[in-house]
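Dear colleague,

Please find the structure below, handed over for your reading. My notes on what was found in it follow directly after.

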Amino acid sequence: RYPFDSGGVNVAVGDKWFHDYSSSKFYVNMGSPPSQFTSRNTFTLKKIKEKRGRKIASVEMRADYEIEMRMAIDFLGERRLMAGHATGPLDIKFKYDIDSGRMLKVKAIGNFSGDFVMDDEIFHVKIFMRNISKKVQ
């Protein structure tokens, strides 16, 4: 019901609100054991503009993540488990149609890094992700 958490109701341009996730479970890929993350999310209403007679909100979110990640990897025909701890930010920009209650565009960029173990070998991993989603008109 609230696309930006219940803290994002009745806010003005420039206002910030916060939401924490604690021990949320997710799966990195098919066949992987569950991983967990915690995050501290800060939302900011940057602006509201009128476009084609509709109110469009620009919202930015900064999330600081701590991730206990476990993933199954097919490596040289063998299934192996890679596990480790990563931290880093995820920055997301949202374009939201207030009138229709629909998300129009989401652009996310994340940078995470940490130490992982596979086959008793410890190594440092950097994960970069970028995702852009647009509503088809």
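Leaving aside neighbours within four places in sequence, R80 is in contact (heavy atoms within 4.5 Å) with M71, A72, I73, F75, M118 and D119. R80 is found in strand β4; strands here are DSSP runs (E, at least two residues), numbered from the N terminus, while helices are H or I runs of at least four residues. The side chains of R80 and D119 are joined by a polar contact of 3.1 Å. A polar contact is a pair of N or O atoms within 3.5 Å; within protein, one must be able to donate a hydrogen and the other to accept it, and residues adjacent in sequence count only if both atoms are side-chain atoms.

A word on the basis of these notes. This is a predicted model, in which local features need pLDDT of at least 70 and side-chain atom pairs count only at pLDDT 80 or more, whereas totals for chains, interfaces and linings use all residues. Residues are numbered from 1 along each chain as its sequence is written, and side-chain values use heavy atoms, with hydrogens and water left out.

The pLDDT, which is the predictor's confidence in each residue from 0 to 100, has a mean of 91 over the protein chain, and 95% of the residues reach 70 or more. Confidence is lowest in strand β1 (residues 16-26), at a mean of 90, and highest in strand β5 (residues 102-118), at 96.

Turning to the overall arrangement, six strands form an open sheet in the order β1-β2-β3-β4-β5-β6, with antiparallel pairing. The edge strands, β1 and β6 (121-134), each pair on one side only. Two strands are said to pair if DSSP finds at least two bridges between them. Strands β4 and β5 pair in the antiparallel sense over 13 bridges, and H85 stands opposite D115 in β5. Strands β5 and β6 also run antiparallel, joined by 14 bridges; N111 stands opposite F128 in β6, and the bridge partner of M118 is E121.

Two hairpins deserve mention. The hairpin of β4 and β5 has four residues between the strands, and G101 takes a positive phi near 70° there. In the hairpin of β5 and β6, with two residues between the strands, D119 takes a positive phi near 55°.

Which residues have the most contacts inside the largest nonpolar core? They are F4, V59, Y65, L90 and F116, in a core of 24 residues. Strands β2 (35-51), β3 (54-75), β4 (78-97) and β5 each supply at least two residues of this core, and the largest share, eight residues, comes from β3. A nonpolar core is a set of buried Ala, Val, Leu, Ile, Met, Phe, Trp, Tyr and Cys residues joined through side-chain atoms within 4.5 Å. Buried means under 20% relative accessible area, exposed over 50%, and partly exposed in between (1.4 Å probe, protein chains only).

Beyond its neighbours within four places in sequence, V59 is in contact with F4, W17, F43, T44, L45, I92, K93 and F94. S58 lies in strand β3 and counts as buried because its relative accessibility is 9%. S58 and L45 are 13 residues apart in sequence and 6.2 Å apart in space, C-alpha to C-alpha.

With kind regards
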